[in-house]
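The following report describes selected features of a predicted model. It begins with a single loop residue and then widens to the sheet and the nonpolar cores.

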Amino acid sequence: MSASLAPECNEVKERYDNCFLKWYSEKFLRGTATTDECDPLFKQYEKCLSVREPISLVRPTHHHQKVLKERGIDKMVKEAREDNRENDAEHMKPVSVPSSPS
Amino acid sequence: MKIFQQNTEFDYSWEEVSTSNWRKYGPWNESCKHVIAVDTLSRTVDPSTGILRTERLITCKQSAPKWVLSLLGGQDTSLVYETSYVDPSQRSVTLCSMNMTWSDLLNVRETCIYSPSSSDPGKKTKFQQRAEVTALCGGWAKIKNKLEEVTVERFQQNAAKGREGFEMVLEMSRRAFQEQKSPILREARI
(Lines give C-alpha, C1' and ligand atoms only; values in the text may rest on other atoms or scores of the structure.)
Protein backbone atom coordinates (compact mmCIF):
# COMPACT_ATOMS: atom_id res chain seq x y z
CA MET A 1 0.00 0.00 0.00
CA SER A 2 1.03 3.57 -0.47
CA ALA A 3 2.40 5.73 2.29
CA SER A 4 0.58 8.55 4.08
CA LEU A 5 1.72 12.13 3.71
CA ALA A 6 2.06 12.04 7.49
CA PRO A 7 4.65 9.30 8.16
CA GLU A 8 3.39 8.82 11.73
CA CYS A 9 0.07 7.66 10.25
CA ASN A 10 1.55 5.00 7.95
CA GLU A 11 0.83 2.09 10.25
CA VAL A 12 -2.82 2.86 10.91
CA LYS A 13 -3.31 3.79 7.29
CA GLU A 14 -1.99 0.41 6.18
CA ARG A 15 -4.32 -1.40 8.57
CA TYR A 16 -7.24 0.62 7.27
CA ASP A 17 -6.29 0.13 3.60
CA ASN A 18 -6.02 -3.64 4.06
CA CYS A 19 -9.37 -3.76 5.81
CA PHE A 20 -10.99 -1.68 3.10
CA LEU A 21 -9.58 -3.78 0.27
CA LYS A 22 -10.90 -6.98 1.83
CA TRP A 23 -14.30 -5.40 2.42
CA TYR A 24 -14.37 -4.00 -1.12
CA SER A 25 -13.51 -7.23 -2.92
CA GLU A 26 -15.34 -9.67 -0.68
CA LYS A 27 -18.43 -7.73 0.29
CA PHE A 28 -19.00 -4.49 -1.58
CA LEU A 29 -18.52 -5.94 -5.06
CA ARG A 30 -20.66 -8.91 -4.18
CA GLY A 31 -23.44 -6.67 -2.97
CA THR A 32 -23.37 -8.15 0.52
CA ALA A 33 -21.97 -5.12 2.33
CA THR A 34 -24.39 -3.97 4.98
CA THR A 35 -22.13 -1.86 7.14
CA ASP A 36 -18.67 -0.45 6.72
CA GLU A 37 -16.81 -2.60 9.20
CA CYS A 38 -13.59 -0.69 8.52
CA ASP A 39 -15.06 2.52 9.84
CA PRO A 40 -13.43 2.22 13.30
CA LEU A 41 -10.03 1.89 11.62
CA PHE A 42 -10.83 4.80 9.33
CA LYS A 43 -11.66 6.92 12.37
CA GLN A 44 -8.28 6.04 13.89
CA TYR A 45 -6.50 6.91 10.67
CA GLU A 46 -8.44 10.14 10.38
CA LYS A 47 -7.69 10.95 14.01
CA CYS A 48 -4.01 10.44 13.34
CA LEU A 49 -4.22 13.21 10.77
CA SER A 50 -6.50 15.32 12.91
CA VAL A 51 -6.59 17.73 15.77
CA ARG A 52 -8.28 16.39 18.88
CA GLU A 53 -11.60 17.99 18.26
CA PRO A 54 -14.97 16.46 18.88
CA ILE A 55 -15.85 14.74 15.66
CA SER A 56 -19.11 15.99 14.29
CA LEU A 57 -21.56 13.18 13.82
CA VAL A 58 -23.22 14.91 10.93
CA ARG A 59 -20.20 15.61 8.76
CA PRO A 60 -17.41 13.52 10.23
CA THR A 61 -14.94 14.19 7.47
CA HIS A 62 -15.15 17.94 7.58
CA HIS A 63 -13.35 18.56 10.84
CA HIS A 64 -9.94 20.16 10.64
CA GLN A 65 -7.15 17.79 9.98
CA LYS A 66 -3.94 18.58 11.79
CA VAL A 67 -1.32 17.65 9.25
CA LEU A 68 -3.46 19.04 6.51
CA LYS A 69 -4.04 22.26 8.43
CA GLU A 70 -0.39 22.76 9.29
CA ARG A 71 0.54 22.62 5.67
CA GLY A 72 -2.33 24.75 4.47
CA ILE A 73 -3.77 21.77 2.69
CA ASP A 74 -7.14 21.97 4.41
CA LYS A 75 -7.98 25.19 2.57
CA MET A 76 -6.96 23.70 -0.74
CA VAL A 77 -9.12 20.65 -0.08
CA LYS A 78 -12.04 22.90 0.72
CA GLU A 79 -11.65 24.70 -2.58
CA ALA A 80 -11.22 21.46 -4.49
CA ARG A 81 -14.43 20.13 -2.91
CA GLU A 82 -16.29 23.20 -4.12
CA ASP A 83 -14.85 22.78 -7.60
CA ASN A 84 -15.82 19.14 -7.62
CA ARG A 85 -19.54 19.64 -7.04
CA GLU A 86 -20.38 19.14 -10.69
CA ASN A 87 -18.65 15.78 -10.67
CA ASP A 88 -20.57 14.75 -7.57
CA ALA A 89 -23.84 15.77 -9.15
CA GLU A 90 -23.03 13.87 -12.31
CA HIS A 91 -21.65 10.69 -10.83
CA MET A 92 -23.76 10.27 -7.70
CA LYS A 93 -27.08 10.53 -9.48
CA PRO A 94 -29.32 7.52 -9.29
CA VAL A 95 -29.62 5.45 -12.43
CA SER A 96 -33.04 6.28 -13.80
CA VAL A 97 -33.37 3.41 -16.24
CA PRO A 98 -33.07 -0.03 -14.70
CA SER A 99 -30.09 -1.86 -16.15
CA SER A 100 -30.97 -4.52 -18.63
CA PRO A 101 -28.72 -7.49 -19.27
CA SER A 102 -26.79 -6.78 -22.43
CA MET B 1 -7.45 24.50 -23.42
CA LYS B 2 -5.75 21.33 -24.60
CA ILE B 3 -7.12 17.83 -24.34
CA PHE B 4 -5.45 14.51 -23.87
CA GLN B 5 -7.43 11.33 -24.28
CA GLN B 6 -6.94 7.65 -24.75
CA ASN B 7 -9.01 4.50 -24.72
CA THR B 8 -7.51 1.15 -24.02
CA GLU B 9 -8.35 -2.27 -22.61
CA PHE B 10 -6.98 -4.47 -19.85
CA ASP B 11 -7.08 -8.26 -20.05
CA TYR B 12 -8.56 -8.51 -16.58
CA SER B 13 -12.12 -8.61 -15.35
CA TRP B 14 -13.75 -5.42 -14.12
CA GLU B 15 -13.79 -6.84 -10.58
CA GLU B 16 -10.03 -7.36 -10.66
CA VAL B 17 -9.34 -3.97 -12.22
CA SER B 18 -11.60 -2.09 -9.84
CA THR B 19 -10.01 -3.82 -6.83
CA SER B 20 -6.46 -3.29 -8.08
CA ASN B 21 -7.24 0.33 -8.74
CA TRP B 22 -6.97 0.87 -4.97
CA ARG B 23 -3.46 -0.54 -5.04
CA LYS B 24 -2.37 1.34 -8.13
CA TYR B 25 0.17 3.53 -6.37
CA GLY B 26 1.51 0.87 -4.00
CA PRO B 27 4.88 -0.87 -3.95
CA TRP B 28 3.90 -3.30 -6.72
CA ASN B 29 3.90 -0.44 -9.18
CA GLU B 30 7.46 0.24 -10.28
CA SER B 31 6.38 2.98 -12.68
CA CYS B 32 4.88 5.50 -10.31
CA LYS B 33 7.70 6.40 -7.99
CA HIS B 34 6.62 10.02 -8.36
CA VAL B 35 3.53 9.29 -6.23
CA ILE B 36 4.86 9.53 -2.69
CA ALA B 37 1.64 9.39 -0.67
CA VAL B 38 -2.03 8.58 -1.07
CA ASP B 39 -4.41 9.54 1.73
CA THR B 40 -8.10 8.80 1.96
CA LEU B 41 -10.00 11.85 3.19
CA SER B 42 -13.49 10.39 3.21
CA ARG B 43 -15.40 7.36 2.07
CA THR B 44 -19.14 6.81 1.99
CA VAL B 45 -21.68 4.53 0.38
CA ASP B 46 -24.77 6.35 -0.84
CA PRO B 47 -27.67 4.44 0.70
CA SER B 48 -30.06 5.15 -2.18
CA THR B 49 -27.78 4.37 -5.14
CA GLY B 50 -25.20 2.04 -3.57
CA ILE B 51 -22.43 4.15 -5.10
CA LEU B 52 -19.16 4.20 -3.17
CA ARG B 53 -17.67 7.70 -3.10
CA THR B 54 -14.06 8.16 -2.03
CA GLU B 55 -12.04 11.33 -1.66
CA ARG B 56 -8.28 10.98 -1.83
CA LEU B 57 -5.31 13.28 -1.63
CA ILE B 58 -2.42 12.22 -3.83
CA THR B 59 1.03 13.66 -3.16
CA CYS B 60 3.46 13.65 -6.09
CA LYS B 61 7.08 14.49 -6.46
CA GLN B 62 7.53 17.10 -9.12
CA SER B 63 9.12 16.16 -12.39
CA ALA B 64 8.17 19.17 -14.47
CA PRO B 65 10.85 20.88 -16.56
CA LYS B 66 12.90 23.44 -14.63
CA TRP B 67 11.51 26.44 -16.47
CA VAL B 68 7.99 25.31 -15.58
CA LEU B 69 8.96 24.81 -11.95
CA SER B 70 10.48 28.27 -11.71
CA LEU B 71 7.45 29.76 -13.38
CA LEU B 72 5.21 28.02 -10.90
CA GLY B 73 7.15 28.87 -7.78
CA GLY B 74 9.62 26.02 -7.39
CA GLN B 75 7.66 23.66 -5.13
CA ASP B 76 8.96 20.12 -5.28
CA THR B 77 5.72 18.34 -4.42
CA SER B 78 2.28 18.75 -5.87
CA LEU B 79 -1.11 17.67 -4.62
CA VAL B 80 -3.95 16.12 -6.53
CA TYR B 81 -7.53 15.89 -5.27
CA GLU B 82 -9.34 12.81 -6.52
CA THR B 83 -12.92 11.73 -6.07
CA SER B 84 -13.99 8.34 -7.26
CA TYR B 85 -17.38 6.79 -7.73
CA VAL B 86 -17.85 3.04 -7.86
CA ASP B 87 -21.23 1.85 -9.03
CA PRO B 88 -21.29 -1.90 -8.39
CA SER B 89 -24.65 -2.42 -10.10
CA GLN B 90 -23.49 -0.73 -13.31
CA ARG B 91 -19.96 -2.10 -12.85
CA SER B 92 -18.24 1.21 -13.38
CA VAL B 93 -15.46 3.11 -11.65
CA THR B 94 -15.15 6.81 -12.41
CA LEU B 95 -12.16 8.75 -11.12
CA CYS B 96 -12.13 12.55 -11.27
CA SER B 97 -8.89 14.34 -10.45
CA MET B 98 -7.79 17.92 -10.33
CA ASN B 99 -4.59 19.67 -9.38
CA MET B 100 -4.59 21.52 -6.06
CA THR B 101 -1.10 22.92 -6.40
CA TRP B 102 -0.67 25.81 -8.81
CA SER B 103 -4.40 25.94 -9.31
CA ASP B 104 -4.22 29.69 -9.90
CA LEU B 105 -2.04 29.13 -12.93
CA LEU B 106 -3.01 25.81 -14.35
CA ASN B 107 -6.20 23.83 -14.31
CA VAL B 108 -5.87 20.11 -14.97
CA ARG B 109 -8.98 17.98 -14.85
CA GLU B 110 -8.84 14.31 -15.54
CA THR B 111 -11.61 11.75 -15.76
CA CYS B 112 -10.88 8.04 -15.97
CA ILE B 113 -13.55 5.38 -16.36
CA TYR B 114 -13.13 1.64 -15.95
CA SER B 115 -16.02 -0.43 -17.25
CA PRO B 116 -16.47 -3.95 -18.64
CA SER B 117 -15.31 -4.26 -22.23
CA SER B 118 -18.18 -4.65 -24.69
CA SER B 119 -16.24 -7.33 -26.58
CA ASP B 120 -15.68 -9.54 -23.53
CA PRO B 121 -17.38 -8.05 -20.45
CA GLY B 122 -16.52 -10.92 -18.12
CA LYS B 123 -12.80 -10.94 -18.79
CA LYS B 124 -11.76 -7.59 -20.16
CA THR B 125 -12.02 -4.01 -18.93
CA LYS B 126 -12.24 -0.85 -20.94
CA PHE B 127 -10.25 2.17 -19.76
CA GLN B 128 -11.20 5.66 -20.91
CA GLN B 129 -9.00 8.57 -19.93
CA ARG B 130 -9.57 12.22 -20.72
CA ALA B 131 -7.69 15.23 -19.40
CA GLU B 132 -8.40 18.90 -20.00
CA VAL B 133 -5.54 21.29 -19.44
CA THR B 134 -6.09 25.04 -19.20
CA ALA B 135 -3.38 27.57 -18.41
CA LEU B 136 -4.84 30.45 -16.42
CA CYS B 137 -1.87 32.76 -16.04
CA GLY B 138 -2.84 36.12 -17.43
CA GLY B 139 -1.14 37.78 -20.31
CA TRP B 140 1.29 36.08 -22.56
CA ALA B 141 -0.50 33.65 -24.84
CA LYS B 142 2.74 32.01 -25.92
CA ILE B 143 3.62 31.02 -22.37
CA LYS B 144 0.12 29.76 -21.71
CA ASN B 145 0.21 27.71 -24.86
CA LYS B 146 3.60 26.25 -24.03
CA LEU B 147 2.53 25.41 -20.49
CA GLU B 148 -0.53 23.56 -21.78
CA GLU B 149 1.61 21.76 -24.35
CA VAL B 150 4.17 20.61 -21.79
CA THR B 151 1.41 19.37 -19.50
CA VAL B 152 -0.30 17.39 -22.24
CA GLU B 153 3.06 15.92 -23.29
CA ARG B 154 3.54 14.82 -19.70
CA PHE B 155 0.17 13.04 -19.83
CA GLN B 156 1.25 11.26 -22.99
CA GLN B 157 4.51 10.10 -21.45
CA ASN B 158 2.80 9.03 -18.24
CA ALA B 159 0.03 7.16 -20.07
CA ALA B 160 2.40 4.45 -21.28
CA LYS B 161 4.19 4.26 -17.95
CA GLY B 162 0.88 4.26 -16.11
CA ARG B 163 -0.36 1.32 -18.10
CA GLU B 164 2.84 -0.63 -17.59
CA GLY B 165 2.73 0.00 -13.85
CA PHE B 166 -0.92 -0.91 -13.51
CA GLU B 167 -0.34 -4.15 -15.46
CA MET B 168 2.23 -5.11 -12.81
CA VAL B 169 -0.25 -4.39 -10.03
CA LEU B 170 -2.96 -6.40 -11.78
CA GLU B 171 -0.69 -9.38 -12.18
CA MET B 172 0.52 -9.26 -8.58
CA SER B 173 -3.03 -8.84 -7.31
CA ARG B 174 -4.20 -11.84 -9.30
CA ARG B 175 -1.43 -13.95 -7.81
CA ALA B 176 -2.04 -12.71 -4.28
CA PHE B 177 -5.77 -13.23 -4.49
CA GLN B 178 -5.33 -16.67 -6.02
CA GLU B 179 -3.33 -17.57 -2.96
CA GLN B 180 -5.98 -16.13 -0.69
CA LYS B 181 -8.73 -17.65 -2.80
CA SER B 182 -10.91 -14.61 -2.59
CA PRO B 183 -14.37 -15.77 -3.67
CA ILE B 184 -15.29 -12.75 -5.78
CA LEU B 185 -12.20 -12.93 -7.93
CA ARG B 186 -12.37 -16.68 -8.23
CA GLU B 187 -15.88 -16.36 -9.55
CA ALA B 188 -14.97 -13.46 -11.77
CA ARG B 189 -12.44 -15.54 -13.64
CA ILE B 190 -14.69 -18.48 -14.39
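## A loop residue and its surroundings

Once its neighbours within four places in sequence are set aside, Gln75(B) is in contact with Gln62(B), Leu69(B), Thr101(B) and Trp102(B). Gln75(B) itself belongs to the loop that runs between helix 2 (66–71) and strand 4 of chain B, and with a relative accessible area of 38% it is partly exposed.

| Residue | Relative accessible area | Class |
|---|---|---|
| Gln75(B) | 38% | partly exposed |
| Arg91(B) | 23% | partly exposed |
| Trp102(B) | 15% | buried |

## The sheet of chain B

The secondary structure of chain B consists of four helices and seven strands, which follow one another along the sequence in the pattern β-α-β-β-α-β-β-β-β-α-α. Seven strands of chain B form an open sheet with antiparallel pairing, in the order 1-7-6-5-4-3-2. Strand 1 (2–10) and strand 2 (35–45) of chain B each have a single partner strand and stand at the edges, so one side of each is left without a neighbour in the sheet. From one strand to the next, the twist averages 15°.

Within this sheet, strand 3 (residues 52–61) and strand 4 of chain B pair in the antiparallel sense over 10 bridges, and Thr54(B) stands opposite Ser84(B) of strand 4 of chain B. Helix 3 (residues 141–180) of chain B packs on the sheet, where it touches strand 1, strand 6 and strand 7 (125–135) of chain B, and its direction makes about 10° with that of strand 1 of chain B.

For chain B as a whole, 51% of the 190 residues count as buried. The accessible surface of the chain comes to about 8,800 Å², of which 51% belongs to carbon and sulfur atoms. Among the contacts in chain B with a separation of 6 or more, 59% are between residues 24 or more positions apart.

## Nonpolar cores and a helix of chain A

In soluble globular proteins, nonpolar side chains tend to be buried together. The largest nonpolar core has 43 residues, of which Tyr24(A), Ile73(A), Leu52(B), Leu57(B), Val86(B), Met100(B) and Tyr114(B) touch the most other members. Helix 1 (residues 10–28) of chain A gives the most to this core, with eight residues. Beyond its neighbours within four places in sequence, Met100(B) is in contact with residues of both chains, including Ile73(A), Met76(A), Leu57(B) and Leu79(B). A second, separate core of 13 residues includes Val68(B), Val150(B), Phe155(B) and Ala159(B).

In helix 2 (residues 39–49) of chain A, the residues Leu41(A), Phe42(A), Tyr45(A), Glu46(A) and Leu49(A) are buried. These residues cover an arc of only 135° around the axis, and they therefore lie on the same side of helix 2 of chain A.

Conventions. Residues numbered from 1 in each chain as written. Chains lettered and ligands numbered in written order. Predicted model: local features only at pLDDT ≥ 70, side-chain atom pairs only at ≥ 80, totals over all residues. Heavy atoms only, no water. Buried < 20%, exposed > 50% of the residue type's maximum accessible area, 1.4 Å probe, protein only. Helix = DSSP H or I, 4+ residues; strand = E, 2+ residues; numbered from the N terminus. Contact = heavy atoms within 4.5 Å. Pairing = 2+ DSSP bridges. Axes fitted to C-alpha atoms, helices over the stretch in contact; angles between N-to-C directions. Arc of directions from axis to C-beta. Areas by Shrake-Rupley, 256 points an atom, 1.4 Å probe, with all protein chains shown as cover. Core = buried A, V, L, I, M, F, W, Y, C linked by side-chain atoms within 4.5 Å.
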